[in-house]
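Please open the model in your viewer and keep the selection panel at hand. The stops below move from one chain to the contact between two chains and then onward.

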Amino acid sequence: MSAALKAALEDLLRCRRLQEEGPPLRGEDRRLRPLPTGIQGVDALLGGGLPRGQVSEVHGPRSSGRTGLVLSLVAASMARGSLAAWVDPADRLAPASASAAGVDLARLLWLRGGARGPRARGLPEAVAAVATLVGSGLFEAVVLDVAAVPVHELGRLPGSTWIRLQRMVADSPCALVLLAEAHVARGPAGASLELRASAPCWSGAAGPGRLLRGLGTELLAGRHSPRRVAFELQAPV
Amino acid sequence: MYGCLHSPRPLPFEGSLLDIAREFTPRVEGLGTTVLLDLHGLGRVWESPALLGRSLLAAGRGRGLELQAALAWTRMAALLAARGRAGLTLVPPGGEPEVLAPLPLELLQLPPERRDLFHRWGLKSLGDLAALPAVGLAERLGPDGARLRRMARGEDDQPLVATPRAESFECTLELEWPVDGLEPLSFLLARLLEPLCAGLRARGRRAAGLVLDLVLVDRRLYRRALRPAAPTAEPRTWRTLLLLDLEAHPPGEAIAAITVRAEATPARLVQFSLLDPAQPSPERLAETLARLQEWTAAGRAGSPALVDTHRPEAFVMATFSPPSQAAVPALPSAPRLALRAFRPPLPARVSLRDGEPAFVSAPGIRGAVVDRAGPWRASGDWWDVAWSREEWDVSLGGGGFYRIFRDRMREAWFVEGEMD
């Protein structure tokens with residue numbers, strides 16, 4: 001199909017509002033289009049979203065909004081009909097939270113570690129699974145959740161681990177996201193997002209009937225001369 | 001010319017008449033204890049119809065069956081003559097009404113009301129029915145009457161419809177030297193799977209499952225059966241799945257012979273939509289899940305599915321099988337704070353002040369409660385395994401927001417998870 005004909009088709013779809021955002025046509029290279037996080041301020045800061053074909057990281061201390069941000073990214077990806085994978089060596093994902101964030105659970109492949117016994121899956125197995133998922137080309141977003149993995153265990157991984165993963169993801173339209181407590185790694189063109197929690201938001205005065213309404217958080221993009229944006233994550237019901 | 005073989009007694013196994021008939025011609029129609037043969041063109045092979053008929057009966061006797069045979073120039077005449085007359089019957093061309101006339105009317109296998117009607121009319125034989133005027137019979141019984149009269153005269157109403165052979169997709173390779181190891185086995189599997197999958201595709205089939213039988217050097221049979229999420233006829237996909245399975249479940253001995261048997265299923269017809277994103281290839285999905293076998297076998301991989309209950313953490317792990325076209329949940333208006341669950345919930349010591357949590361201590365978590373929301377009480381499943389809890393959202397001085405709860409059945413505190 002010629003480029004002019006393809007462009008005319010996409011214009012036709014948009015004019016007739018058959019879709020708000022034209023999906024990738026078959027065979028179209030989607031690598032140039034970043035993966036939106038679904039949070040307007042963050043996407044504007046990143047120039048559209050997280051880059052595809054790169055290892056990116058989202059890190060911060062506890063209760064800084066890391067998981068909420070990554071779930072929003074996964075939900076936005078699924079809203080376009082894509083698949084996502086969540087590799088969870090510490091088994092910390094709450095499906096109800098993911099569903100409340102808009103994640104289509106039927107399109108989410110969840111690999112859970114954390115079990116004890118001979119079938120326990122640790123961090124090396126999780127990294128191997130990430131390599132399999134990235135190499136399959138089936139998933140638009142692959143998340144490796146190492147936020148609850150002790151630092152000494154992360155340090156035991158071979159130094160070339162992240163370089164190999166970057167090489168694997170470089171030829172794919174997939175975005176590999178590391179969810180961590182501190183800086184781990186990122187690709188040469190990957191995003192490094194640090195979150196810092198600010199004040200929580202409560203509904204009403206202290207006392208019975210009060211609810212946690214949300215959490216304000218500040219995002220810093222880039223390790224040197226970071227750019228900042230603040231946003232709020234609403235509390236789950 | 002048509003032939004017919006009929007067994008007046010029940011057959012020892014289904015398909016025995018078809019096997020006999022296929023020794024003479026490939027076009028046969030099976031009708032239970034009767035089989036029709038299309039003998040057109042066999043005049044050059046057999047000297048006379050009588051010799052062919054005697055050979056058919058001899059073939060039956062060779063398998064321990066006493067059969068009745070008929071050869072005629074119409075399908076119906078051969079069928080009725082074989083069912084109604086013992087031994088061999090040769091119906092000359094144009095002589096069908098005369099040969100069939102004395103045979104009983106029951107050979108037409110009439111419905112009860114039609115049989116009773118003909119009995120009241122005094123009809124006993126095919127000749128009696130054939131002698132009735134065609135127009136009068138049609139006026140009284142409609143098109144069915146005319147059809148029955150034609151049948152009684154040995155005239156055809158339908159052609160012979162050949163019964164297709166039972167499909168079998170199986171390849172076997174006996175090795176001159178035993179093989180040990182996955183690498184040499186990979187080449188052998190490719191040799192078996194290429195023609196097997198080509199045969200499937202040629203018949204418009206896919207393999208929904210594959211059975212691999214390995215005869216080991218100690219004469220044991222080692223069997224592995226695979227059934228991916230979607231049928232496929234790609235030899236590369238099947239080879240990868242088989243090798244991954246054998247890597248996880250090695251046979252333990254060298255292999256002397258290999259048999260691969262496919263469970264055929266009609267090919268899947270899918271029309272893709274211009275407006276929807278491309279769906280994942282089922283073959284690639286099956287390969288990927290096979291490579292994650294260590295996770296899937298332990299039940300630690302799949303799609304979570306929420307259970308419709310108020311009980312906290314109620315979900316089940318389902319097989320990852322993304323829907324081809326399904327409504328995607330609407331995105332929330334604002335991004336949501338997520339709960340990072342502790343499994344199992346962490347036992348905690350909570351100090352209270354005025355009935356509210358003031359200090360929380362749990363493995364890896366410690367701090368004074370700076371702010372709190374709650375209590376929110378919930379309970380359920382009183383008819384089964386009851387649960388009752390009192391939940392609090394707390395902000396600790398050392399940092400972090402947590403959901404803690406008091407189990408009112410056990411009177412104990414736990415940390416359910418951290419808000420992140």
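The axes themselves are lines fitted to C-alpha atoms, for helices over the stretch in contact, and the angles run from 0 to 180 degrees between N-to-C directions. This is a predicted model, in which local features need pLDDT of at least 70 and side-chain atom pairs count only at pLDDT 80 or more, whereas totals for chains, interfaces and linings use all residues. Residues are numbered from 1 along each chain as its sequence is written, and chains are lettered from A and ligands numbered from 1 in the order in which they are written.

**Chain B as a whole**

Select chain B, which has 12 helices and 17 strands; helices (H or I, at least four residues) and strands (E, at least two) are DSSP runs, numbered from the N terminus. Of its 420 residues, 33% count as buried, that is, with 20 or more other C-beta atoms, placed from the backbone, within 10 Å of their own.

**Helices α10 and α11 of chain B**

Next, select residues 235-248 (α10) and 282-291 (α11) of chain B, which pack at an angle of about 10° with their axes 10 Å apart. α10(B) and α11(B) are therefore roughly parallel to each other. Residues are in contact if their C-beta atoms, placed from the backbone, lie within 7 Å, and here T237(B), T240(B), L241(B) and L244(B) of α10(B) meet E283(B), A286(B), E287(B), A290(B) and R291(B) of α11(B). These contact residues divide into four nonpolar, two polar and three charged, where Ala, Val, Leu, Ile, Met, Phe, Trp, Tyr, Cys and Pro count as nonpolar, Asp, Glu, Lys and Arg as charged, and the others, Gly among them, as polar.

**Strands β7, β8 and β9 of chain B**

Now colour β7 (residues 205-216) and β9 (residues 255-266) of chain B, which run antiparallel and are joined by 11 bridges; strands pair if DSSP finds at least two bridges between them. On the β8 side (residues 221-226), β7(B) is again antiparallel to its partner, with six bridges. Which residues does V215(B) face? In β9(B) its bridge partner is A257(B), and in β8(B) it stands opposite L221(B). β7(B) and β8(B) form a hairpin with four residues between them, and in the turn R219(B) has a positive phi of about 75°.

**Where chain B touches chain A**

Show both chains: the contact takes 50 residues from chain B and 66 residues from chain A. On the chain B side, the elements that each supply at least two residues include α11, β10 (301-306) and β14 (365-380), and the largest share, six residues, comes from β10(B). The residues of this side divide into 31 nonpolar, seven polar and 12 charged. Zoom in on β10(B) to see its antiparallel pairing, over two bridges, with β3 (residues 108-112) of chain A, where A301(B) is the bridge partner of L111(A).

**Helices α5 and α7 of chain A**

Finally, select residues 123-136 (α5) and 161-170 (α7) of chain A, which pack at an angle of about 15° with their axes 9 Å apart. α5(A) and α7(A) are therefore roughly parallel to each other. V127(A), V130(A), A131(A), V134(A) and G135(A) of α5(A) make the contact with T161(A), L165(A), M168(A) and V169(A) of α7(A), and by class this contact has seven nonpolar, two polar and no charged residues.

Definitions and conventions:
A residue is buried if 20 or more other C-beta atoms lie within 10 Å of its own, exposed if 12 or fewer, and partly exposed in between; C-beta atoms are placed from the backbone. Angles under 35 degrees count as roughly parallel, over 145 as roughly antiparallel, 65 to 115 as roughly perpendicular and the rest as oblique. Two residues are in contact if their C-beta atoms, placed from the backbone, lie within 7 Å.
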